[in-house]
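Subject: Structure handover, salt bridges and a nonpolar patch

Hello,

Here is the structure for you to look over. My notes follow below it.

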Amino acid sequence: MNAPARTGAVPLWRSTSLLIRLRLRRLVNLFVAGSQGKKKPGDKTRTGNPGKKSSKVVLFLVWPLMLFSFGAITANSVMNLHGALDPPGSFWITVEFSPALTIGIAFLLFILWMASLLITIGSGELAKSEWDLEWLITLPVRSDTLLWARIAERSIVNPSGAMALIPACAAIAWYSQYRWAVPIIAVLAAWPLLLLASLVRTLIDTGLRLRMRAAQLRNLHAVISVLSIVTMYLAISIGLKGKSDFMLGIAASMPDWLLYTPMGLTVRAINERSFVDATVLVLSLLAEVAVLLWLGVMALRYQLRNGVVAGGARDAERKAVSNAETEADRPSLLKLSAVHRRELALLRRDRNFLVQSLVLPLLIVGGQLLLGTSGVASSMWTNPNVLASVAFGLAAYSLSMSAFQTLNSEGHALWLLYTFPRSIEEVLKDKAKLWGVLTLFYPLVLFAIGAFVAPSVGWTFFAAMLTALLGIPIYAFIAVALGVFGSNPLEQQPNQKVKPAYVYLYMSLSALYIYAIVTPQPVQRLIFMVLSMLLAAALWQKARDQLGYLLDPDASPPPRVSTSDGLIAVMLFFVAQAVAAVVIIGRGRATGAAVLFAFSIGGAITYALMRYVYAKAKTEGVPRILGDNSQALLGIVAGALAGAVGVFYMYGLEALDLLETAMEASKSYVSLGLWTLPLALIAAPLFEEFIFRGLIFGGLRRSFGVWPAALASAALFAIVHPPFSIIPVFILGVCAALVYERSRSLLAPMLVHATYNGIVIGAQTFLL
Amino acid sequence: MIEFQQLSRTYGDFTAVHPLSLEIRNGEVFGFLGPNGAGKTTTIRMMMGILVPSGGRALINGLDCHSERALVQRHVGYLPDNPIYYDFLRGREILQFVAEMHGMGRREAAGQARRMLAEFGLEEVVDEFAVNYSMGMKKKLGLACALIHDPQVLILDEPINGLDPRAAREVQDRLRQAAASGKTIFMSTHLLDMAEKVCTRVGIIHRGELTATGTLDELRARVNSNVSLEDVFLRLTEEGVTPEGASTP
C-alpha cells in the first residue's frame with residue numbers, strides 16, 4: 001500500500017502527536033524502567049530488583065498527592081500575599097482580588113514559571129552531548145513544522161511545569177469561588193504559560209547549543225541546576241509561615257505593568273466574573289501568547305539559519321588553551337597521587353561534578369534547615385550535639401554524591417583502570433582518602449562558626465565535634481565500598497547508574513552514626529565508633545571480592561553472608577533497642593518488663609530486617625537455627641563450662657572486694673527482677689547468637705581459620721557488654737563460636753548462651 | 001608468551017567463546033580473525049581481566065589474567081575497540097595519568113607523554129579535551145596509552161577499524177615497528193588486508209570456536225588453493241563448517 005500521503009512532508013498535527021507520544025513513552029520508561037533492570041538472556045535474576053509492577057502504581061499514587069500538596073502550598077502563598085499586600089483588616093473572601101493582590105499573585109505565578117523553566121533546563125538535556133534535534137531534522141518534516149511541533153510537545157510533556165503551574169492556577173480559581181470547575185480552569189489557564197515556558201526553553205537550549213562547546217554547556221547546566229533549586233526554595237518560601245517575609249517584600253514592590261503580562265492576564269482572567277470582561281481578558285492573553293510564540297519561532301528560525309549543528313566545535317576548543325603546559329612541572333606542596341590530581345582537576349573543570357558533590361548537598365541540607373519547622377537551624381548554635389549532627393549529616397550527604405559515586409564517575413572510561421599494573425582497590429582507596437578529607441571542609445567551617453557563636457565551648461562541644469569529624473573519613477571508606485555494589489558505571493541512563501537500595505543502606509548507616517554523636521554515654525560513643533571502623537574494614541573486604549567483576553557483573557558469585565552484615569546488624573540492634581526503650585519507657589522509670597520489651601523489639605526488628613534482605617538478595621550461607629546436627633548436649637556442656645568460669649570469676653571479684661563496685665557501675669543489669677529470666681534465657685541467646693555467631697563469626701570464618709575468627713568475634717561480643725563482665729563474656733563468645741563451628745546451626749550456641757546466663761544468674765541470686 | 005587454556009565464556013545459555021586453547025610465542029604478531037560477533041572482543045576482554053572466564057584461563061607470561069591482573073598489566077598495553085576517555089581531561093593529561101599509573105614519576109611521565117604525543121603526531125590537539133577527538137585521534141591516543149610504558153605484549157582490539165586510509169597506514173607502520181622491536185602482538189580484526197600485511201600467524205574464530213590457526217600459507221594449504229586470505233576466510237567461516245582439525249599450529 002503506497003498511499004499518496006506518504007510522499008509529502010509529515011503535517012504538523014501528526015508530527016506533534018508523534019513527538020508527544022515519544023516523549024511520554026520516554027518519561028514512563030524513565031520512571032518505570034528504573035526498577036526493572038535490563039535482563040540478558042539466561043540471566044539468573046541476580047539484579048537487586050527484579051521487575052516491579054508496584055512502581056507504576058506508586059507513580060500514579062504519588063502524582064495526585066504531589067499536585068495536591070503543591071496546591072496547598074500555593075493556596076497558602078495566596079493567603080500570605082493577601083496578608084502582606086491588602087490593607088490590614090480588609091476581609092477579602094469576596095470574589096474580586098484587589099489590584100495589589102492581583103499583582104502579587106501574578107508575581108507568584110512568575111516565580112513558579114521561572115522555577116519550573118530552570119528545573120526543566122537544568123534537568124540534564126543540556127549536559128548531554130547528543131541532541132535530539134540533530135536526529136529529528138533528518139525526518140521528513142518541514143523545519144517550521146518541526147519547531148512548532150516541538151514547542152507544542154514541550155508545553156504538554158513538561159512534568160515540572162505542570163507541577164508548578166496547574167496547582168497554582170487551581171488555587172487562584174478556588175479563591176475566585178469556583179468549585180467543580182477548578183480542575184478544568186486550572187489546566188486551561190496553565191497551558192498558555194506552559195507554551196511560553198516551552199518556547200523560552202527551546203530558544204535557550206537551541207541558542208546555547210549552537211554557541212557553546214560541550215564542556216561549557218555542562219558547566220552552564222551545573223549553574224542552572226543550582227539556580228533552579230534556589231528559585232524553587234524561594235517560590236516555596238512564599239507559602240510558608242514565618243519564612244515568607246523576603247519574597248513578600250519583593251512582591252509588594254512589583255510594578256503595575258505586571259497586570260498586563262501573560263501572568264497578570266491569567267490571574268485576572270480567572271478572577272473576573274463578568275463574562276464580557278473575562279472574554280476580553282482571555283482573548284488578549286491568547287493574542288499576547290500568540291504574538292510571543294510567533295516572534296519566538298522567527299527567532300528560532302534565525303538561530304537555525306546555518307543548520308542545526310554548530311560547525312567547527314573542535315576548532316573553537318583550541319582557543320581555550322590555558323597555561324596548562326606548565327602544570328605538570330609545578331611543584332606541589334602536598335604529596336598527591338596521580339589519582340588525587342586527576343580527581344581534583346576534574347573537580348576544578350567539571351562544574352557539574354563540583355555542584356553535584358559539594359554545592360547541591362549544602363543547598364539541599366541548608367534549604368531543609370532554613371525552610372523546615374524543626375527548629376534545628378536555631379538550636380544548632382546552642383546545642384553542640386545538634387551542630388555536630390548537622391555537620392556530619394552534611395558531610396555524609398556530600399559523600400553520597402561523591403565518594404559513593406567513585407565508580408560512576410569513572411563511567412565508560414573504567415577500562416583504563418584495568419590497563420594499569422595497580423589493583424583497583426588501591427585506586428579506590430586513594431579516592432576514599434581524598435573525599436574523606438575534602439568533605440571535612442563544611443563541618444570544619446560549621447564548627448568554627450559554632451565555637452565562635454556558642455555561649456560556652458566545653459567538653460561536650462569537643463566530644464561532639466571529634467565524634468563527627470572522625471566519623472567522616474570512616475564514612476568516606478564506607479561510601480566508596482558500598483558504591484562498589486551500588487553503582488552501574490556502564491549504564492547510559494543517569495537514573496539507573498545508582499542502585500537505590502545501596503544508597504538507602506548508606507544513608508541509614510550514616511543516620512545510625514548520629515546516635516554515636518548524640519548519645520550521652522562516652523562508652524557507647526566509643527563502641528559505636530569502633531563498630532563503624534570495623535564496618536568500614538569489613539565492607540571494604542567484601543568490596544574487594546567484587547572488584548574483579550566490575551565490568552562483568554554477570555560472572556560475579558552470588559552474595560554471601562559477611563562480617564559487614566553482622567556489624568550492620570549490631571549497630572542496628574543498638575539503635576533499635578535504644579529507640580524502643582525511649583518509646584516504651586518515656587519519662588518513667590525503667591522497669592524489668594520495659595527493658596525486656598525494648599531488647600526483644602530491637603532484636604526482632606534487626607532479625608526480621610536481615611532475613612528480609614537476605615531473602616530478597618538470595619544470599620547464600622544464611623545461618624540456620626535448626627540443623628541436621630543440632631549438638632544440643634554439646635551446647636549445654638559448653639555453656640556449663642563457660643558458666644563455671646563465670647562463677648569462678650565472680651568469686652574472684654568478690655574475694656578482691658571488687659564485685660560491689662562493679663555491680664554498682666552497671667545497675668541496670670541486676671535491677672530487673674524476674675524479667676531477667678526471659679531476657680537472659682530466651683531473648684538474648686536468640687538474637688545475639690544470630691548476629692555474633694551466625695553473621696560475624698560465620699562471615700569471618702570465610703577468610704580466617706577457626707581460632708582467629710572465634711577470638712575476633714568473641715572480642716566484639718565482649719566489648720558491647722558491660723565492662724565488668726568483659727572477660728567471662730569473651731570466654732562465652734569463644735565457646736559459643738567453637739560449638740557453632742561443629743554444629744553448623746544456631747541451636748547449640750544458643751543453648752551455650754542460655755546455660756551460661758542461667759548459671760551466672762543463679763549464682764548471683766543464691767550464692768552471693 | 002600468551003596462552004589460553006580451555007578458555008571459555010558463556011552468557012546464560014549462550015556460549016560466546018567455546019573452550020579455546022592456543023599459544024602465542026614471544027615476538028609473534030598474531031591476528032585474531034573472525035566475523036562480527038564471533039567472540040573476538042569477549043576473548044580480548046578476558047585477557048584484560050575485564051570479563052571473567054566461565055571456564056579455563058588466559059595466561060600472559062605465565063600469570064593468570066584474571067586473578068593476577070595487576071601483575072600482568074605491567075607488561076601489557078591495551079587498545080580497546082572504541083576507546084572512551086574521561087570528560088574534561090586533555091589528551092596530554094590522560095597520557096600523563098596513564099604513565100604515572102604505570103609507576104613513572106611525575107616529571108618522567110610528563111616527558112614521556114610529550115614524546116609519545118609528538119611521535120603520534122598529536123601535538124596539535126594535546127590541549128583539547130580528549131572526548132572531542134575524532135575517532136582516528138582517539139585511536140592514536142589509545143595506542144599511545146598502550147605503548148607509553150614500553151610493554152612486551154600489545155593487545156589490540158580492531159586497531160584500525162574506523163580509521164581513514166592515511167591514519168590506518170600510520171597505525172600499521174607503528175605496529176610493524178613494535179613487532180620489529182620484539183614485542184608480542186595479539187590483535188583482533190576483521191580487516192583481512194591488514195592481517196595479511198602485518199601478522200605472522202592468524203587464527204580464525206567463528207561462532208565462538210577456533211576453526212583454524214596457522215601462518216597464511218598453512219591456511220591456504222588447508223583450503224587447497226593458492227587464493228587470497230579473503231577466500232580462505234570466507235571458506236572457513238561458512239555456515240556449517242565444523243572445526244575439525246582446528247588449532248594445529
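A salt bridge here is a side-chain nitrogen of Lys or Arg within 4 Å of a carboxyl oxygen of Asp or Glu. This is a predicted model, in which local features need pLDDT of at least 70, side-chain atom pairs count only at pLDDT 80 or more, and totals for chains, interfaces and linings use all residues. Residues are numbered from 1 along each chain as its sequence is written, chains are lettered from A and ligands numbered from 1 in the order in which they are written, and side-chain values use heavy atoms, leaving out hydrogens and water.

Salt bridges

Over all chains, the search of the whole structure finds 25 salt bridges. One of them joins the side chains of A:Glu410 and A:Lys431, at 2.8 Å from N to O. This pair links distant parts of the chain, 21 residues apart: A:Glu410 is in helix H17 (residues 406-410) and A:Lys431 in helix H19 (residues 424-438), both of chain A. Helices are DSSP runs of H or I with at least four residues, strands are E runs of at least two, and both are numbered from the N terminus. A:Glu410 and A:Lys431 are both buried. Buried means under 20% relative accessible area, exposed over 50%, and partly exposed in between (1.4 Å probe, protein chains only). A network of salt bridges links A:Glu410 and A:Lys431 with A:Arg342 and A:Glu343.

Helix H19 of chain A also holds A:Glu425 and A:Lys429, 4 residues apart, so about one helical turn separates them. They form a salt bridge, with the closest N and O atoms 3.6 Å apart. A:Glu425 is buried at 13% relative accessible area. A:Lys429 is partly exposed at 33%.

In chain B, look at B:Lys183 and B:Asp150. Their side chains meet in a salt bridge of 2.6 Å, N to O. The two residues are 33 apart and link distant parts of the chain: B:Lys183 sits in the loop between helix H6 (165-180) and strand E8 (184-189), B:Asp150 in the loop between helix H5 (135-147) and strand E7 (153-157). B:Lys183 is buried, at 10% relative accessible area. B:Asp150 counts as exposed, at 56%.

Nonpolar patch

A:Leu526, A:Val530, A:Leu534, A:Ile719, A:Ile726 and A:Ile727 make a nonpolar surface patch of about 460 Å². Two helices of chain A give two or more residues to the patch: H23 (522-547) and H30 (726-743). H23(A) gives the most, with 3 residues. A:Ile726 lies in helix H30 of chain A and is partly exposed, at 31% relative accessible area. Patch residues have over 30% relative accessible area and no salt bridge; like charges are joined within 9 Å, nonpolar side chains (Val, Leu, Ile, Met, Phe, Trp, Tyr) within 5 Å. Accessible areas come from the Shrake-Rupley method with a 1.4 Å probe, and for residues only the protein chains shown count as cover.

Best regards
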